Amino acid sequence: MKPLILLLIIFSSFPTIIHCRNGVPFDYLMFTTIYPTAVCRADDDSVPESCEIPDGTPKWSIHGLWPNYENGSYPQNCHGTPKHFEEDLIKSIEERLVTVWPNLYPKKTIQSFWKHEYDKHGTCAQSEKLFESELAYFTEVMKVFDSIDVAGGMSSVGPSEKPIGAKDIQNALAGVTGGKKFEFNCLRDKKTKQFLLGDIRLCLNKDLTLRDCPGHHHDDSHLNRVSRFERSTRKGPPLPSFQVSVFSGLP
Ligand SMILES: *[C@@H]1O[C@H](CO)[C@@H](O)[C@H](O)[C@H]1NC(C)=O
């Protein structure tokens, strides 16, 4: 009899024992804002309806907020609640999300971009109280977007037909980022072959204060950014264009 009782006790407490925590510990967050004009110019427009900027889209829109590790890698598709994006949970903020976090690919649903971002990155952020639910995650990403005026900063350098360099971007955003190190990616315009500024990536502490983005290579961080861009154009979907920020201005 005794062994049986013991077994029952073990089984009855099992669910609490194996309860998984949501998300994973991470080091910092990366907020990426895209320039939809560049994204669509880099897109293959021989395909009809391949990339379109919806009416009302801000000059710089949201790509995502990603938990990252200091070593340059990042967690993805973590255990979360829910594990997969559920539109019902964000209904209360959806109207605003549609504008500031648009999907530029009309063949996909508006929600498909949010689903991708939540499933891949949002679930991993749930280890932090600030992001413990799907609604909280989307709400906080919009708060970050609202608190960092990339569009305002960048309006001092473009859009312009004049090439701009890394230094110009740094100067334009110095006030917005408080001088913190950030990253950016460029895209190639399919027609003109120009390099366009596609996105800007800012790094944040887990309490959403700005911090330096970690440099993963030596001190030639500018060259580094160029090669990052080349890597990112070879694989994966196109990212976002600042009309003509060509690299000729690079130091
Ligand atoms: C980076 O750090 C994380 C967390 O410490 C670790 O899980 C991961 O394996 C590391 N990745 C690499 C490529 O070193």
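Strands β1 and β2 pair in the antiparallel sense over seven bridges, where strands are DSSP runs of E with at least two residues, helices are DSSP runs of H or I with at least four residues, and both are numbered from the N terminus; two strands count as paired if DSSP finds at least two bridges between them. The structure is a predicted model, in which local features need pLDDT of at least 70 and side-chain atom pairs count only at pLDDT 80 or more, while totals for chains, interfaces and linings use all residues. Residues are numbered from 1 along each chain as its sequence is written.

Strand β1 is also joined, by six bridges, to strand β4 (residues 195–204), and these two strands run antiparallel. Six of the seven residues of β1 are buried, so that the strand is mostly covered; a residue is termed buried if 20 or more other C-beta atoms, placed from the backbone, lie within 10 Å of its own, exposed if 12 or fewer do, and partly exposed in between.

Helix α5 (residues 134–147) has 14 residues and reaches 20 Å from its first C-alpha to its last, close to the 20 Å expected at 1.5 Å a residue, the expected span being 1.5 Å times one less than the number of residues. Its buried residues are E134, Y137, F138, V141 and F145. These residues lie on the same side of α5, because they cover an arc of only 90° around the axis, the arc being that of the directions from the helix axis to the C-beta atoms. An α-helix has 3.6 residues a turn, so residues three or four places apart point the same way. The face turned away from the buried side of α5 carries the exposed residues D146 and S147. The cover over the buried residues of α5 includes β1 (28–34), β2 (61–68), α3 (94–100) and α4 (110–125), with contact taken as C-beta atoms, placed from the backbone, within 7 Å.

Residue N77 is found in the loop between β2 and α3 and is exposed, with 12 other C-beta atoms within 10 Å. Residue K193 has its place in the loop between β3 (183–188) and β4, and with 8 C-beta neighbours inside 10 Å it counts as exposed.

Key:
Contact = placed C-beta atoms within 7 Å.
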